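Me: I am new to this structure and would like to be walked through it. Could you take the parts one at a time?

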Amino acid sequence: MINSAVRPAAAAVVAVLIVLSAACRGADTGPSGGVLVVSVGADANSIFPPFGVGTQDRVVSELLYDKLADIGPSLNTIGDIGFEPKLARSWEWSRDSLTITFHLDPRARWHDGRPVTSADVQYAFRVWTDSAVGVAQRVALSSIDSISAPDALTARVHFRERTPAQFYALVYTLVPLPAHRFAAIADTALRDAPEVRAPIGSGPFRFVSWTPRARLELAANGAYYTGRPRLDGVVFVVAAQGATVAARLLAGEADFLEQLAPPDFAQLPADGSVRAQPYGGFDYGFVQFNLRDAANPLAPHALFGERAMRRALTMAVNRTTLVRSVFDTLGRPAIGPFSRTQWTADTTLRGIPFDSAGAAHVLDSLGWRDANGDGVRERNGRPLAFSLLVPASSRVRQTAAVLLQAQLKAVGVRVNIDQVDFNAWLDRAQRGAFDALVGAVRTSPSPRGVRDLWGTPGPGRGAQNWGQWSNATFDAQVDSALAATSTDAVRAHFRVAYQSAIDDAPAIWLYEPRLFAGVHRRLSVRALRPDAWWSGVASWSIDPAQRLPRDRRAATTP
Amino acid sequence: MARRLLRRFLHTAVICAVVATSVFVLMQFAPGDPFATALDGPDVPPSVRAEWRARYGLDLPPTERFVRWGIALARGQLGYAASRRQPVVDVVADALPRTLLLVGTALLLGFAAGVWIALLQTRHHRRWQDRVLGACTLVGVAVPEFLLALVAMTWLGARWHIFPVAGIGSLGDAAGWPLWERMIDLAWHLALPAGVLALAVASRVARHQRAALLGVMREDFIRTARAKGLGEWDVLRRHALPNAIGPVIALLGLALPSLVGGAVLVERIFGWPGMGQTLFDALLARDYPLVVAAVLVATLLAVVARTVTDAIANAVAPRRATGAM
């Protein structure tokens, strides 16, 4: 019964947030003007929210479009605690938690001046759930039955079932869309309609222009319902080469870079014109073992089907040294199948310690010995060797693979690095055509993704568990965690689930990068939210004393 | 003349058909599909992947896809670029002029500089000027374009701020500038990428042009020109160069494909959104129609360039009397 437990607290939090936000706006008298230039390594593919899948798609579409409510700084995903009102000024739950009624802010307008109404919420739901449109994230809304509109400013969401994360799933996924603009376009034609490349949104910035693979320009929405953004505009400049992306910031041609790479730190100007601002991230990297034979998926893998072998290999890897070599101080060993930034993270779990002598002992006991003195162990004439699939697109993973190869060689294991381009890597991973792979994931604030990544493959779970690992304890505990309504219970279940994954070693949990954004000194930014650094861009400002000729443009826009 | 043009046209059509078919077939063997990356999320059910594949005809057997694609291509329809959410024609129309500008500028600059260097080397044959310039052109030929590009970007762009690090134009109110200011701005942004490519062209042209000039300088008509009292520069410019430049012009036509190839990396490094970058992204994204279109465009460019340079070489070469005594 999530509703009764959460509703009073939620109401209090919402009230406090409204008062706080009003107070903040009152005190928000910093400088306005200036254009933020963001240097990015990848262009957006679609800036229309339903079709966005990549990070850059999200960045742009979330500056153009507001959600009903947004996740708060605590990144809590249970109930609605901490969520901040956006297009919905307030909301209320029904007694059975199967209906949430959102009251839209009457001041909210689309960029063409038309009011945001409940019909826009209904239309968005139709777009997201219509199979003819083919929205990738529509499964996230599968618990919603329908959305009704009692009046123009009230949207009532009816759920099929109650889940602890139903509010998060709704507001984090569904973004109201301007029905008056798009409803006339057939759902089947929507994806390729020219209108979605120059969308009309409801957010703090409006679309100006887009030169694919070069730049995308947004301008401040002067009629934004909570007040005009301080910046006059935001421009994303694209360069596919990593060195160029950083060079733009270091040369002063850009103001912000989402993530500085380790080599960039040595290039930071001595005059302090660019600073590194830390923020949490949701990434972690690992070596995933394929527990099934690549040629015959019904048979266990000759090496990794054995738990003791997986643990021995984990034991043979000095992850502290490896992470230091790859990231210097900009990373740390991963603990398990989660990122430390997730609210369910537990840093007290027992990992498998580095012990090369112990690993050698286990391999000896399993019958793997170097009989012919060539440095590689054998058993029944078969060398202890496997291939490690690595995507050529990731220098971090390539370096990690080489270091791993050297470390495992020390205990008599031969690793053949199989480097392919990312698309081929993904294809082979999805088909299970690998022995082991170096993978990395960017999780979301919700811990729900762990079920798809590491749960036993089957209906509703394990869609990305390419190694086919299966553990009943893990599955049961994750299921219990995702059904629990108190944060303590969720954490307790996840603790057991994570520990079982660490003990069973379906992967070597390698690294967790520490994220640092590159920020030019003329730019004043607030704390960066780990899941969305761009969430506070409307409140960022540029020092008037450090304006540049490139800031002139947006000053002329309405 | 008409027959010759018709033959050249048929020749081009056959080349394009062979190239397009080869690329199409090769792409079928490449693992992955255009939506592998876009739909690589734990929330994406297999049914959505299947819908997307069906929408763009990727669920059809390769032979049926090939037939459909061939018919569409014959009608001049290049298809839809799923990775860009745009018709292929629009993507090409957007990127091709930028590549033509980049490569065209590099060719012109490189050719002019290369010929001038060769003239200087020939004028000072076997002296220190010849040796220094020869060493420079050797470096220009040997060093790959991407390395030159990175060095130029780092030093001339990021460190010394002489040129912009990357991009195709200034930010700010540049769109409202007068035409001449916009042209200067474009040239300023073009300087590094075109300069890097031009350096490679100039080095190759200089080496070939020098060899051709030295060969011509041994001819009897050069001795006659000198005997008439012409200065060495006049002999070089007015007599030797017109007779030695033809093969070098023809060489430019052959060099264009490799120049376009070099432009792939240069465009990526300098954030120049041309055909090279488009092809690279399309390959990584397995965007089959866009890859085929980009390769076709490159093929057409090579064929047209060869035709044009052959014609120019024929036009500039002085006709010598070859009749029997």
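Me: Into which domains is chain B divided?
Reply: Chain B falls into domain 1 (2-86) and domain 2 (89-324); the bounds come from an automatic or database domain assignment. The model is predicted: local features need pLDDT of at least 70, side-chain atom pairs count only at pLDDT 80 or more, and totals for chains, interfaces and linings use all residues. Residues are numbered from 1 along each chain as its sequence is written, while chains are lettered from A and ligands numbered from 1 in the order in which they are written.

Me: What separates the centres of domain 1 and domain 2 of chain B?
Reply: Taken over C-alpha atoms, the centres of domain 1 and domain 2 of chain B are 32 Å apart. Their contact takes 22 residues from domain 1 of chain B and 20 residues from domain 2 of chain B; two residues are in contact if their C-beta atoms, placed from the backbone, lie within 7 Å.

Me: Which element gives the most to the domain 1 side?
Reply: On the side of domain 1 of chain B that touches domain 2 of chain B, α1 (2-29) and β1 (80-81) of chain B each supply at least two residues. With nine residues, α1(B) gives the most. Helices (H or I, at least four residues) and strands (E, at least two) are DSSP runs, numbered from the N terminus.

Me: And how do the residues of that side divide?
Reply: That side of domain 1 of chain B has 13 nonpolar, six polar and three charged residues. Ala, Val, Leu, Ile, Met, Phe, Trp, Tyr, Cys and Pro count as nonpolar, Asp, Glu, Lys and Arg as charged, and the others, Gly among them, as polar.

Me: Changing topic: in what order do the four strands of the open sheet in chain A lie?
Reply: The order is β4-β5-β7-β6 in chain A, with antiparallel pairing; two strands pair if DSSP finds at least two bridges between them. At the edges are β4 (88-93) and β6 (144-151) of chain A, each pairing on one side only. Neighbouring strands of this sheet are turned by 20° against each other on average, direction ignored. Axes are lines fitted to C-alpha atoms, for helices over the stretch in contact, and angles run from 0 to 180 degrees between N-to-C directions.

Me: Which helix packs on that sheet?
Reply: Helix α3 (residues 118-129) of chain A packs on it, touching β5, β6 and β7 of chain A, and its direction makes about 160° with that of β6(A). Within the sheet, β5 (residues 99-104) and β7 (residues 154-159) of chain A pair in the antiparallel sense over five bridges. Ile100(A) stands opposite Val157(A) in β7(A).

Me: What is the strand order in the open sheet of six strands?
Reply: That sheet of chain A has the order β14-β20-β13-β19-β17-β18, with mixed pairing. Its edge strands are β14 (331-333) and β18 (414-420) of chain A. Neighbouring strands are turned by 25° against each other on average, direction ignored. Three bridges join β14(A) to β20 (residues 507-513) of chain A, and these two run antiparallel. Gly331(A) stands opposite Pro513(A) in β20(A).

Me: Which residues touch the most other members of the largest nonpolar core?
Reply: Of its 247 residues, they are Leu36(A), Leu197(B), Val201(B), Leu259(B) and Ala294(B). A nonpolar core is a set of buried Ala, Val, Leu, Ile, Met, Phe, Trp, Tyr and Cys residues joined through C-beta atoms within 7 Å. The most comes from α9(B), with 18 residues.

Me: Why is Ser258(B) partly exposed?
Reply: Ser258(B) is partly exposed because 14 other C-beta atoms lie within 10 Å. A residue is buried if 20 or more other C-beta atoms lie within 10 Å of its own, exposed if 12 or fewer, and partly exposed in between, with C-beta atoms placed from the backbone. Ser258(B) lies in helix α9 (residues 232-269) of chain B.
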